[in-house]
Amino acid sequence: MLTAVDHVQLAAPPGSEDRLRAYYVHALGMTETPKPPTLAARGGCWFRAGAVQLHLGVDTGFRPAKKAHPGLRVTGIDAYAARIAATGAPVTWDDELPGHRRFYSEDPVGNRLEFLEPLPETPPGGTATGERSRPEEHPQIRS
């Protein structure tokens, strides 16, 4: 029986570790975790934020996945998008998932990442608190 996703592994080209650290640590606010010595010799790097773990493994035939991606749940999505955009990384809003606000970004080697936050539920006969803002209201973080 499955109980949880332990981590998601993404591929990266050889020698990209410093660029990956800049994005995953500084833009996303994750912490780099040490790889076991036997795995560290292969290159790449691992990151964690709470229970979320992303492993970036070196692939000599690397090609970024343009469709496949991890979906990462966030809180305070507007501030998080602004944080990522401030580092120069792309932020592309998408409003096609009902009940969520979401955007996509790419890491420095072209891996696609989805960030999403569920909308508050609307009580019967009422309106939800925290009205949804539209991506066009945030031109500074749309790319």
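**Core, sheet pairing and pocket of a predicted model**

Leaving aside neighbours within four places in sequence, Phe115 is in contact (heavy atoms within 4.5 Å) with Tyr23, Leu28, Leu72, Val74, Ile77, Tyr80, Ile84, Arg101, Arg102, Phe103 and Ser105. The structure is a predicted model, in which local features need pLDDT of at least 70 and side-chain atom pairs count only at pLDDT 80 or more, while totals for chains, interfaces and linings use all residues. Residues are numbered from 1 along each chain as its sequence is written, and side-chain values use heavy atoms, with hydrogens and water left out.

The protein contains three helices and eight strands, defined as DSSP runs numbered from the N terminus (helices: H or I, at least four residues; strands: E, at least two). Along the sequence these elements follow the pattern β-α-β-α-β-β-β-α-β-β-β. Of the 143 residues, 38% are buried, that is, under 20% relative accessible area, with exposed meaning over 50% and partly exposed in between (1.4 Å probe, protein chains only).

Phe115 is also among the residues with the most contacts inside the largest nonpolar core, together with Tyr23, Tyr24, Leu28, Ile84, Phe103 and Leu113; this core has 27 residues. Two or more residues each are given to the core by β1 (8-12), α1 (17-27), β3 (45-49), β4 (52-58), α3 (77-86) and β8 (112-118). The largest share, five residues, comes from α3. Such a core is a set of buried Ala, Val, Leu, Ile, Met, Phe, Trp, Tyr and Cys residues joined through side-chain atoms within 4.5 Å. In soluble globular proteins, nonpolar side chains tend to be buried together.

Strand β4 is mostly covered, with five of its seven residues buried. Pairing requires that DSSP find at least two bridges between two strands. β4 pairs with β1 in the parallel sense over five bridges, and Gly57 of β4 is the bridge partner of Ala11. Five bridges also join β4 to β3, and these two strands run antiparallel; Ala49 stands opposite Val52. A hairpin is formed by β3 and β4 with two residues between them, and Gly50 in the turn has a positive phi of about 60°.

The lining of the largest pocket includes Val52, Gln53 and Leu54, as well as Gly71, Leu72 and Arg73. β4 and β5 (71-73) are the elements that give two or more residues to this lining. A pocket is an open set of points on a 1 Å grid over the protein atoms alone, where a 1.4 Å probe fits, with protein on both sides within 12 Å along at least five of seven lines; lining residues have an atom within 4 Å of a point.
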